[in-house]
Amino acid sequence: MRRIVVVGGSIAALTASESLRAGGFDGRVTVLSEEPHQPYSRVPLSKGVLAGREPAESALLPAPGEDIELRTGTRAVRLDARGRAVTLADGTEVPYDGLVVASGARARRLTGDADLVVRTLDDAEALADRLATARSAIVLGGGFLGMEVASTCRALGLEVTVVDVVPPLLRLLGPWLADLAVAAARDHGIRIRVAPDGVTVMGDHRVRCGESVLEADVIVCAVGDVPNTDWLRDSGLPLDAGGGLIADACCRVAPGVVAAGDVVSRQGRRTPHWTNAVEQGRAAAAGLLQGASARPYRPDPYFWTEQCGLDIKISGELPLTGTPDILAGSVNDRSMLLRWHDEGGSATAVAVNHRLPVIKLKRLGAGIPAPAPART
């Protein structure tokens, strides 16, 4: 194997390409990224970059080493898995001996390309420009991204309404923690509208929710994402019903093909989060170089969100049911260390505005006993 091609410009793609070098691969590594920018972190896009507190350049990740060829503005449109070649939008074919699919996902849209979304660096800059002259915003979608965008809009002084078919964060976090986050959002002046029958974007800055029509200067769509697998449709690679690329325990998809990041489906689900992308990038590189002898990928469920005065870090599986054990702090102060146990014996640890090193939070999530409370 002398030529490895990595399709994608995300943290998963960057991690995979660097892990190939760390794993001893000394052949040619080419990274094909559709975006014009060097790889960047999506984490600050809905926070500091959108709010204008941080320049767009602050999101950029360190460029790959000189021994990795990064080709930006290069979109893959077709894969010939049998002939081992990736076709680009300009018709160029890029041959490979090994392939890493890390083409990520794109924002799901409700009304076509006119939707304002926050998925890419360009999206965040475009929305920031719109928010600078706006007085009100409607955010469609009450997941992590939607609530972070709503929080940023509110911090900028806008009137903000979040609309979803179920209460915000309920499906992600479970009722106890979601209620805490929604209470904080309301305390910050964010209005919540639950529209069980869905919403219709009417244009002219209007949204219909049942019999009501809401208006705002800006409407932001944050209703999830769609895996970027259109270029794989005729490749013969296995896709699930949602379009995710099916990979095995070692992130292998087919002979000579591995996958990592938001595009990957394992056991019928995708996990579009930073930690998952990094760990899968490493596992995919190992799976390509080591084959069946590679150590299986082990999910590391770690999530983080910052919204409405809450810094929430989670180690363990979601959503959460029942009432947690409060290991430190208090609910009234909205500063606490929590742990949930499920019937299978596993645990999920959550820090809300509570300083605790991530490694210690993960130990709690693994069921290791909590440290004694600090003396005050």
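**Sheet, helices and a pocket in a predicted model**

Arginine 3 sits opposite arginine 28 of strand S2. Arginine 3 belongs to strand S1, residues 3-7, which runs parallel to S2, residues 28-32, with 5 bridges joining the two. Further along, valine 7 has leucine 32 in S2 as its bridge partner. As for S2 itself, 4 of its 5 residues are buried, so the strand is largely enclosed by the rest of the structure.

Zooming out, S1 and S2 are part of an open sheet of 6 strands, ordered S3-S2-S1-S7-S19-S18, with mixed pairing. At the edges are strand S3 (69-71) and strand S18 (252-254), each of which pairs on one side only. On average, and ignoring direction, neighbouring strands here are turned by 20 degrees against each other.

Helix H1, residues 11-22, lies across S1, S2 and strand S7 (98-101), and it runs at about 175 degrees to S2. Helix H7 packs on the sheet as well, touching S1, S7, S18 and strand S19 (257-259). The direction of H7 makes about 165 degrees with that of S19.

H7 also turns up in the second largest pocket. That pocket holds about 630 Å³ of space. It is lined by 21 residues, and those closest to its centre are Glu279, Arg298, Pro299, Asp300 and Pro301. Helix H7 (274-290) and helix H8 (358-365) each supply at least two residues of the lining, and the largest share, 5 residues, comes from H7. Sorted by class, the lining has 8 nonpolar, 6 polar and 7 charged residues.

Then there is the backbone, where a few spots are worth a look. Most residues other than glycine have a negative phi, and most peptide bonds are trans. Arginine 84 is placed in the loop between strand S4 (76-80) and strand S5, and at 30% relative accessibility it counts as partly exposed. Glutamine 267 likewise has a positive phi, near 55 degrees, in a residue other than glycine. Its place is the loop between strand S20 (264-265) and H7. Glutamine 267 has a relative accessible area of 79%, so it counts as exposed. As for the peptide bonds, the one from leucine 318 to proline 319 is cis, with omega near 0 degrees. Proline 319 falls in the loop between strand S22 (310-315) and strand S23 (325-330).

Strand S5 covers residues 85-88 and includes threonine 87. With a relative accessible area of 13%, threonine 87 is under the 20% cut-off and therefore counts as buried. Leaving out residues up to four places away in sequence, threonine 87 touches Arg75, Ala76, Val77, Arg78, Thr92 and Glu93.

Notes: Residues numbered from 1 in each chain as written. Predicted model: local features only at pLDDT ≥ 70, side-chain atom pairs only at ≥ 80, totals over all residues. Heavy atoms only, no water. 1 Å grid on protein atoms, 1.4 Å probe; cavity = no way out; pocket = protein on both sides within 12 Å on 5 of 7 lines; lining within 4 Å. Points joined across faces, edges and corners; volume = space filled by probe spheres on them. Nonpolar A, V, L, I, M, F, W, Y, C, P; charged D, E, K, R; others polar. Pairing = 2+ DSSP bridges. Axes fitted to C-alpha atoms, helices over the stretch in contact; angles between N-to-C directions. Contact = heavy atoms within 4.5 Å. Buried < 20%, exposed > 50% of the residue type's maximum accessible area, 1.4 Å probe, protein only.
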